[in-house]
Amino acid sequence: MSRTRSPEPSLDTKSRALPARRRLFIDDEEPAPAKAPAPSKAKVYPRKPRASPVRPEAAKVLEQLYYGEKYLYGRDGLFHIVQQRKDLKVKPTEGEIRDWLAKQKLNQLYKGTRRGGTDAFFVPTFPWHHISIDLIDFKGKPAFLQESKPDVPKGVYKYILSVLDNYSRMLYTQPMKNKEAATTAQSLEKVLNRIKKDYPKGVIAKPEPNKYGRCLMDDGSEFKGKGDMTVTKVLAKHQIKVHRILGGHPEQNALVERSNKGIKMIMAKMNKMNELGWIYNYEQATARYNEHFHRGISMPGAQLSPGVASKHTEKSQFETLKNAVVKSYRPDPKGKEPSKFAVKEFKAGDKVRIKLNKSVLDKSSDVSWSSKVYEVKEVKPQRLTTAKRYIIKFEDPAKEKYEYTKHDLQKIEEVEEIPSQYKKKVPVARRTTRQLAGKLELSKGQFTEDKEKQERRTLRERKKKEKEPAPAVEISSVLLKKPPKRKGAKKPVASVERIYAIERIVERRKKTVKPHKGKYEVLIKWKNYPSSQNTWELESAMIADVGEQGFKELLDEYKV
């Protein structure tokens with residue numbers, strides 16, 4: 001094929017020598033020492049430059065396909081149509097399609113959205129300088145240790161403390177009986193002492209003057225607490241600053257979450273083999289996890305094993321390993337165009353659209369982005385794993401308190417409206433009431449969605465009242481904690497006692513808080529009042545007013 005860099009080797013071993021790795025499978029002779037190949041430069045495949053701006057003839061073709069023939073697809077779908085159409089004299093490139101679609105308002109409003117955007121990628125710069133801690137919860141699978149081990153006394157254990165080096169992916173674990181703040185702090189102190197023992201030269205120390213290490217953790221109570229023994233004080237003792245991730249965003253501490261998944265899988269497989277609890281397998285599982293190859297850094301985590309760790313802490317001997325790890329993080333190439341999949345950053349003054357809040361039940365046919373274009377007012381810098389935040393300029397300064405993430409905004413460089421020749425006006429006879437409401441001057445509340453909903457609600461309540469049985473029980477307003485209020489009614493005179501009719505019991509529950517803890521109360525539906533005016537009343541008050549027999553009949557009807 002044309003892409004092969006060298007011809008296929010011949011199968012005749014006498015006329016043409018095969019490479020050593022292939023020749024060993026053919027005969028058992030000692031391979032001859034091969035000559036060192038001449039140094040050759042690696043072949044570079046430069047990226048094709050993007051067409052900018054879009055060619056006018058290509059823009060006309062896209063306009064006809066998109067608006068005229070209604071191929072309202074995204075970049076990939078439109079590019080597929082362009083490749084299939086043989087009648088097109090000018091075929092737009094993929095880059096031209098992407099740039100042209102980015103300017104169309106119709107495509108901007110319905111562009112796909114992404115969730116998240118609160119976390120940012122950070123690159124550790126030194127072993128054991130950025131660590132992450134987390135708990136593995138085995139509360140549903142407690143393990144009992146019968147014999148005593150070093151640093152692990154007998155007892156029932158329900159948790160494992162994981163301490164991970166974000167640079168080398170080296171993992172340390174420590175079992176815990178509970179997840180109280182003091183217990184977590186003591187376990188963390190044991191792990192840090194083990195790390196310092198294994199890495200004697202400057203581990204968890206400052207690689208540069210006045211530069212502290214950091215520890216990522218979630219916002220759980222086990223990492224907080226008050227007293228002499230807390231996680232914060234243990235870390236401060238070792239000159240490590242605390243950085244808590246945002247609640248509900250475990251992806252900000254994804255490295256330790258991924259290591260927890262790996263070690264739990266290894267322990268589960270060990271348990272199937274030896275039928276022992278995880279407390280007997282966690283040490284060997286941790287060792288096996290540290291020996292396996294990590295694609296993220298292109299080496300095992302145990303590459304920084306205790307036997308050679310002291311050498312790596314010296315700057316001159318550490319450069320080789322450091323360069324190998326830094327390459328694996330794939331930084332943006334200097335002097336080259338960044339990848340089209342790279343996340344776009346915003347700066348102050350950029351024109352953007354804001355992502356609309358859509359619920360789970362909202363359809364994709366609804367508009368996803370604001371029709372109005374806003375301006376970025378301020379950019380809040382990245383803080384370790386917390387991504388940049390953006391402040392949007394509004395007419396109302398009170399709205400500028402909200403911070404947006406990178407996935408909440410869509411950068412707008414240019415806006416092109418739908419061409420007028422592709423807009424077809426709807427005849428007046430076929431227009432809906434909402435279309436007419438935008439053209440005619442109507443009274444307030446007419447032809448609006450709220451008015452339609454109110455009319456439907458009134459009709460449902462009217463039909464419901466026709467089927468309602470006549471009330472048989474009445475109750476005085478004296479015993480009610482919160483008498484129902486009819487909308488628009490005037491406040492009654494204080495000296496007049498009002499009588500309300502009970503329609504039925506809707507629900508029954510037991511009080512769990514004081515002052516009526518342990519007593520039962522019922523939810524009452526009142527006659528001639530909507531369900532929104534239902535009130536909770538104590539059973540004792542109901543029995544005192546309607547009698548024990550009357551209340552029993554209501555309760556029997558509720559149970560049926």
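## Exercises on a predicted chain

Helix α2 (residues 56-68) packs against helix α4 (residues 94-103) at an angle of about 65 degrees, with the axes 11 Å apart. Axes are lines fitted to C-alpha atoms over the stretch in contact, and angles run from 0 to 180 degrees between N-to-C directions. Helices are DSSP runs (H or I, at least four residues), and strands are runs of E (at least two), numbered from the N terminus. This is a predicted model, in which local features need pLDDT of at least 70. Residues are numbered from 1 along each chain as its sequence is written.

**Exercise 1.** State which residues of α2 and α4 meet, and classify them.

*Solution.* Take contact as heavy atoms within 4.5 Å. From α2, the residues are Ala58, Ala59, Leu62, Glu63, Tyr66 and Tyr67. They meet Glu96, Ile97, Trp100 and Leu101 in α4. By class, this contact has eight nonpolar residues (Ala, Val, Leu, Ile, Met, Phe, Trp, Tyr, Cys and Pro count as such), two charged (Asp, Glu, Lys and Arg) and no polar ones (the others, Gly among them).

**Exercise 2.** Determine where pLDDT, the predictor's confidence in each residue from 0 to 100, is below 50.

*Solution.* Begin with the chain, whose mean pLDDT is 75, with 68% of residues at 70 or more. Next, residues 1-51 have pLDDT below 50, and this stretch has 27 contacts beyond near neighbours in sequence. Finally, residues 436-448 stay under 50, with seven contacts beyond four places in sequence. Where pLDDT is low, the predicted coordinates should not be read in detail.

**Exercise 3.** Count the helices and strands of the chain.

*Solution.* The chain contains 15 helices and 17 strands.

Note on methods. This is a predicted model: local features need pLDDT of at least 70, side-chain atom pairs count only at pLDDT 80 or more; totals for chains, interfaces and linings use all residues. Side-chain values use heavy atoms; hydrogens and water are left out.
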